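Work through the exercises below with the sequence and the structure at hand. Each task is followed by a solution in steps.

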Amino acid sequence: MMSAVNDTKFSSAVFLLTGIHGQEDSYLWISVPFCLMYVISIVGNSVIVFIVKTDSSLHEPMYIFLSMLAFTDLGLSIVTIPTTLGIFLFNSREISLDICFAQLFFIHSLTFIESSVLLLMAFDRFIVIRYPLRYASILTLPRITKMGLVCVLRGVAVVFPLPFLLKRFRYCQANVLSHSYCLHQEVMKLACSDISFNSIYGLFVTISTVLLDSLLILLSYVMILKTVLSIASHAECVRALSTCVSHLCAVLLFYIPGIGLSIVQRFGNSSSPLVQILMGYIYLLVPAMMNPVVYSLKTKHLRARIIRAFKK
């Protein structure tokens with residue numbers, strides 16, 4: 001009988017999300033830049049996915065990988081927009097445990113998938129610079145499809161246990177989260193149970209995905225630099241490196257806010273809560289908003305196709 005009561009309490013429990021603490025009176029004004037960022041992100045990434053899908057001249061490895069990145073960023077925006085704008089527009093802070101667990105599953109899965117896609121894009125840049133004549137034969141469409149599928153399966157597989165690990169906990173402490181969306185590392189801290197396994201598993205997942213991907217991306221660029229420096233012509237050297245600028249921007253946009261957020265969370269006791277909240281928003285919103293802008297500005301062929309599509 002006691003077990004049934006406990007289960008009822010558990011299933012009806014809610015978490016309270018946080019917008020920007022202390023700025024509740026300004027939420028309507030704060031919602032304006034957030035709405036703008038979401039519009040840019042959703043429209044920009046949707047346009048890239050649509051253009052790459054419908055324009056046969058863009059059915060090349062570089063643009064296919066870019067459409068994967070855009071699709072992932074689109075997913076991240078869609079997953080976070082209901083709770084973020086719900087707080088700023090309607091002051092809707094409550095979120096049920098099941099919806100919270102579902103949201104964090106998608107956020108973490110898509111984040112790890114994006115990390116993998118950035119690695120594939122680094123591999124693409126290495127192949128096109130190191131083996132330009134064999135580029136098309138190495139990165140064939142079936143091979144790209146398999147690589148993309150592996151990225152998705154890895155991202156989903158490593159995050160799949162997290163909602164179940166969190167669901168077994170009792171949440172009897174403060175139920176206030178510090179962001180407008182759910183993250184595993186925050187939710188588990190609200191449990192009144194032993195979270196050691198969750199902490200260890202979370203660290204393992206981060207090391208085996210984001211950290212490993214970042215090291216492999218670094219290795220790819222070391223090999224790219226080595227190849228480029230062996231080119232005799234300075235003009236060809238500059239041309240080869242210029243093809244990597246957009247990807248380097250995407251990598252920096254993804255990893256710098258992520259590293260910053262990790263540092264802030266680890267040393268959160270000595271930092272302002274406002275800094276933690278802002279870093280969280282930058283981590284999730286800025287890369288998804290800026291990636292389509294960077295690639296549209298820096299990739300001449302893609303920009304021309306987008307302009308032509310809108311002129312029709």
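A residue is called buried when its relative accessible area is under 20%, exposed when it is over 50%, and partly exposed in between (1.4 Å probe, protein chains only). The model is predicted: local features need pLDDT of at least 70, side-chain atom pairs count only at pLDDT 80 or more, and totals for chains, interfaces and linings use all residues. Residues are numbered from 1 along each chain as its sequence is written, and side-chain values use heavy atoms, with hydrogens and water left out.

**Exercise 1.** Find the salt bridge of Asp55 and decide whether Asp55 and Arg305 are buried or exposed.

Solution.
Step 1. A salt bridge is a side-chain nitrogen of Lys or Arg within 4 Å of a carboxyl oxygen of Asp or Glu. A search of the whole structure gives four of them.
Step 2. Asp55 pairs with Arg305, and their closest N and O atoms are 3.6 Å apart. This pair links distant parts of the chain, 250 residues apart: Asp55 lies in the loop between helix H2 (27–54) and H3, and Arg305 in helix H13 (residues 300–311). Helices are DSSP runs (H or I, at least four residues), as strands are (E, at least two), and they are numbered from the N terminus.
Step 3. Asp55 has a relative accessible area of 12%, so Asp55 is buried. Arg305 has 18% relative accessibility and therefore counts as buried.

**Exercise 2.** Classify the two residues of the salt bridge between Asp98 and Lys167 by accessibility.

Solution.
Step 1. The closest N and O atoms of Asp98 and Lys167 are 2.6 Å apart. Asp98 belongs to helix H4 and Lys167 to helix H7 (residues 161–167), 69 residues apart, so the pair links distant parts of the chain.
Step 2. Asp98 is partly exposed, because its relative accessibility is 49%. Lys167 is also partly exposed, at 37%.

**Exercise 3.** Describe the largest cavity and its lining.

Solution.
Step 1. On a 1 Å grid over the protein atoms alone, a cavity is a set of points where a 1.4 Å probe fits but cannot get out, and lining residues have an atom within 4 Å of a point. The volume is the space filled by probe spheres set on the points, which are joined across faces, edges and corners.
Step 2. The search finds two cavities of 30 Å³ or more, and the largest has a volume of about 70 Å³.
Step 3. Its lining consists of Met62, Phe65, Met121, Asp124, Arg125, Thr243, Ser246, His247 and Tyr295. Helix H3 (61–90), helix H4 (97–130) and helix H11 (245–266) each supply at least two residues, and H4 gives the most, with three.
Step 4. Two members of this lining, Asp124 and Arg125, also meet in a salt bridge (2.8 Å, N to O), and both are buried.

**Exercise 4.** Which helix gives the most to the lining of the second largest cavity?

Solution.
Step 1. The second largest cavity has a volume of about 50 Å³. Among its lining residues are Asp73, Thr111, Phe254 and Tyr283.
Step 2. H3, H4 and helix H12 (273–298) each supply at least two residues. H12 gives the most, with four.

**Exercise 5.** Which residues touch the most other members of the largest nonpolar core?

Solution.
Step 1. A nonpolar core is a set of buried Ala, Val, Leu, Ile, Met, Phe, Trp, Tyr and Cys residues joined through side-chain atoms within 4.5 Å.
Step 2. The largest core has 92 residues, and Phe15, Leu118, Tyr171 and Val187 touch the most other members. H4 gives the most to this core, with 18 residues.

Conventions. On a 1 Å grid over the protein atoms alone, a cavity is a set of points where a 1.4 Å probe fits but cannot get out, and a pocket is an open set with protein on both sides within 12 Å along at least five of seven lines; lining residues have an atom within 4 Å of a point.
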